[in-house]
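Trainee: I have a new model open and would like to walk through it. Can we go residue by residue and then look at the packing?

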Amino acid sequence: MAILKFSASAVAAQIAHARACKTFLPNWNGPVDRPALILIVGNGVHLRSNGIDGTTTRIVTTEQADPSFAFAQGMNPFRDADWMAQRRMAFRDLTGQFYTDILDDVQVLIDRGQGAICLATDGHSIRVFVRRASDYLIGGTYEVPSGLGGIFRVILKDACDTFAIVQNCGNCEDFDAMQPYRVPLDALMELDDRRVA
């Protein structure tokens, strides 16, 4: 899982463009009749309007990017020297165009005055991520997916807007002896009281 961070003002401009248009780029299922945001993973990672307004004949592709699009932090080929490495960390070798259904949820956050929009993605699904590092208790106990199909119980050591540093605790001895490691912030799950021993 990865968290992508976008400037709220840049995303707001893309939403305004989409809402001002009468025709829209089709998705894989055919014609589209309403505004939306498309996530492009290719030459950088960016959100753009699905609107067609006659000012450009360029069809959205993964090879082309426009500096006016809303680029994910650290993944802007016009500004970030290591954008490709950052893109690979988030998406591995996956590239493409993803029609999203997040426009209304993102608009709510923009209307509330959010300075940044965070999206959580596992490479196949994209959702708005509304929690912040300050929403989590440093030293608190959480669960995270193990990557082996199970779940680890962890202690939160530190957190930023996109990642958390955790230490295994309360699992088997070998796993608890592991060094602290980094997980996406949205991987932290609150403990369900019924599962607490």
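Trainee: Is Arg 92 buried or exposed?

Mentor: This is a predicted model, where local features need pLDDT of at least 70, side-chain atom pairs count only at pLDDT 80 or more, and totals for chains, interfaces and linings use all residues. Residues are numbered from 1 along each chain as its sequence is written, and side-chain values use heavy atoms, with hydrogens and water left out. Buried means under 20% relative accessible area, exposed over 50%, and partly exposed in between (1.4 Å probe, protein chains only). Arg 92 has a relative accessible area of 67%, so Arg 92 is exposed.

Trainee: Where is Arg 92 found?

Mentor: Helices (H or I, at least four residues) and strands (E, at least two) are DSSP runs, numbered from the N terminus. Arg 92 has a positive phi of about 55°, although it is not a glycine. Its place is the loop between α2 and β7 (96-99).

Trainee: How many helices and strands are there in the protein?

Mentor: The protein has 197 residues, and buried residues make up 44% of them. Its elements are 4 helices and 14 strands.

Trainee: Which residues have the most contacts inside the largest nonpolar core?

Mentor: A nonpolar core is a set of buried Ala, Val, Leu, Ile, Met, Phe, Trp, Tyr and Cys residues joined through side-chain atoms within 4.5 Å. In soluble globular proteins, nonpolar side chains tend to be buried together. The largest core here has 26 residues, and those with the most contacts inside it are Leu 4, Phe 6, Val 11 and Leu 39.

Trainee: Are α1 and α3 parallel or oblique to each other?

Mentor: Axes are lines fitted to C-alpha atoms, for helices over the stretch in contact, and angles run from 0 to 180 degrees between N-to-C directions. Angles under 35 degrees count as roughly parallel, over 145 as roughly antiparallel, 65 to 115 as roughly perpendicular and the rest as oblique. The two axes come within 10 Å and cross at roughly 130°. Therefore α1 and α3 are oblique.

Trainee: What is the relative accessible area of Val 128?

Mentor: Val 128 lies in strand β9. Ile 102, Asp 105 and Val 106 are among the residues it touches. Val 128 is buried, with a relative accessible area of 18%.

Trainee: And what is the value for Met 75, by relative accessible area?

Mentor: Met 75 sits in the loop between β6 (70-71) and α2. Its contacts include Leu 4, Trp 83 and Ala 90. Met 75 is buried, and its relative accessible area is 5%.

Trainee: With which side chain does the side chain of Ser 9 make a polar contact?

Mentor: Ser 9 lies in helix α1, and counts as exposed at 57% relative accessibility. A polar contact is a pair of N or O atoms within 3.5 Å; within protein, one must be able to donate a hydrogen and the other to accept it, and residues adjacent in sequence count only if both atoms are side-chain atoms. At 3.0 Å, the partner is the side chain of Ser 7.

Note on methods. Contact = heavy atoms within 4.5 Å. Lists of a residue's contacts leave out its neighbours within four places in sequence.
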